[in-house]
Amino acid sequence: MSKVNDFVICPQCGENVSSEYKYCTSCRCILRTDKKVAGYANGLDILTSVAIVVFLSVMVIMSCNFSMLNSDNIKIPQPEYSISDASSEPVAEIAAEQAPGTGAEEAQPVVPAEPVQESNRGYASAIPEDVRNFMLGKSMTPNDNISFDDLSYLTIPHWDFNDARVEGHMIVNAALAEDVLDIFAELYDIRYPIENMEIVDYFFDKQTEILDSPDRASMGNNNTSSFYYRVVAGSSTLSKHALGRAIDLNPKTNPYVNGSSVSPANAAKYSDRSQSGWTEMEKRAFIGTNTEVYRIFRNHGWEWGGEIWSYQDYQHFQKP
């Protein structure tokens with residue numbers, strides 16, 4: 001029904017009835033259930049509204065309590081990104097890239113790099129200027145047979161008498177440089193020990209009463225060497241050492257023996273080739289026809305001084 005001034009129109013008979021009446025004055029139908037509040041709302045309306053508000057409040061409180069009681073079970077969505085750094089790729093994309101059968105390259109296991117192998121082979125160069133100056137007046141004297149340019153300065157890795165890898169130096173005829181490097185690479189592979197290897201010039205100031213020449217001083221210190229411009233001891237014949245075509249190898253362990261004469265003078269113990277009283281390292285340095293070092297030199301066409309003369313020069317190899 002609608003309100004018109006202070007009258008109410010009866011929905012059944014259409015009679016205008018004062019709003020103060022509960023029943024229509026004509027047909028006696030019920031015009032209102034109670035007296036309106038604030039012009040429109042009656043008591044039932046108010047009670048209904050209050051009940052709805054209370055019900056909604058109770059539902060909100062119960063919902064909040066239920067959420068708090070079950071917070072341990074709540075899973076918070078995590079971002080699909082690594083937090084290691086700002087440039088990380090999404091985890092899902094990484095997984096897709098590594099998944100087999102997708103065409104993407106599969107991750108390969110990390111293989112440790114193999115250790116760098118040290119070379120068994122030395123190298124040749126022209127004789128450095130400072131070495132040339134050091135040689136002048138010592139191993140190199142003025143002559144018409146050979147010059148510095150005819151020689152090569154070799155740097156050669158080898159095993160010393162402590163079984164350690166070291167580098168030595170030798171000067172040889174330039175035409176034999178590669179051949180000599182090949183030979184000493186093979187000696188390196190069989191771990192043949194060489195006590196010292198330096199140019200003979202370093203031994204000019206190491207002469208003693210019994211090691212009374214630069215050559216004997218070098219030999220007496222068991223120094224392996226090649227070039228030394230000189231004649232054969234006790235003769236006027238030019239030595240093959242003077243042309244860089246001979247090598248004395250561990251000359252104290254493998255001395256020159258001519259009857260009772262032994263050179264160097266401190267090598268008498270090693271003139272007995274039975275190796276009696278020798279150390280294990282000295283036995284490894286021994287040169288004889290049944291040794292690997294002998295076979296290596298002979299395979300390269302070198303002659304051995306222990307078998308080509310009436311005397312034995314066990315240290316000496318030469319290239320004809």
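Which residue's side chain meets that of glutamate 292 in a salt bridge? The partner is arginine 295, at an N to O distance of 3.1 Å. Glutamate 292 and arginine 295 are three residues apart in helix 7, and therefore about one helical turn separates them. Glutamate 292 is partly exposed, with a relative accessibility of 38%, and arginine 295 is likewise partly exposed, at 37%.

The structure is a predicted model. Its protein chain has an average pLDDT of 83, and 73% of the residues reach a score of at least 70. Two stretches call for caution. Residues 34–41 have a pLDDT below 50, and this stretch makes eight contacts in the model beyond near neighbours in sequence. Residues 73–77 also have a pLDDT below 50, with one contact in the model beyond near neighbours in sequence. Where pLDDT is low, the predicted coordinates should not be read in detail.

The protein chain contains seven helices and 14 strands. Of its 320 residues, 36% are buried. The chain exposes about 19,500 Å², of which carbon and sulfur atoms supply 54%.

Just after helix 7, glycine 301 adopts a positive phi of about 85 degrees.

Glutamate 178 forms a salt bridge with arginine 121, and their closest N and O atoms are 2.4 Å apart. Because glutamate 178 lies in helix 4 and arginine 121 in the loop between helix 2 (91–98) and strand 4 (123–125), the pair ties together parts that are 57 residues apart in sequence. Glutamate 178 is partly exposed, with a relative accessible area of 46%; arginine 121 is also partly exposed, at 30%. The pair belongs to a network of salt bridges that links Arg121, Glu178 and Asp182.

In total, the model has 14 salt bridges. Another of them joins the side chains of aspartate 205 and lysine 206, with an N to O distance of 3.8 Å. Aspartate 205 counts as exposed, at 64% relative accessibility, whereas lysine 206 counts as partly exposed, at 40%.

The surface also carries a nonpolar feature. Ile52, Phe55, Leu56 and Met59 form a nonpolar patch there, with about 410 Å² of accessible area together. Methionine 59 is found in helix 1, which covers residues 43–69. At 43% relative accessibility, methionine 59 is classed as partly exposed.

Technical notes
Residues are numbered from 1 along each chain as its sequence is written. This is a predicted model: local features need pLDDT of at least 70, side-chain atom pairs count only at pLDDT 80 or more; totals for chains, interfaces and linings use all residues. Side-chain values use heavy atoms; hydrogens and water are left out. pLDDT is the predictor's confidence in each residue, from 0 to 100. Contact means heavy atoms within 4.5 Å. Patches are made of residues with over 30% relative accessible area and no salt bridge: like charges are joined within 9 Å, nonpolar side chains (Val, Leu, Ile, Met, Phe, Trp, Tyr) within 5 Å. Accessible areas come from the Shrake-Rupley method with a 1.4 Å probe; for residues, only the protein chains shown count as cover. A salt bridge is a side-chain nitrogen of Lys or Arg within 4 Å of a carboxyl oxygen of Asp or Glu. Helices (H or I, at least four residues) and strands (E, at least two) are DSSP runs, numbered from the N terminus. Buried means under 20% relative accessible area, exposed over 50%, partly exposed in between (1.4 Å probe, protein chains only).
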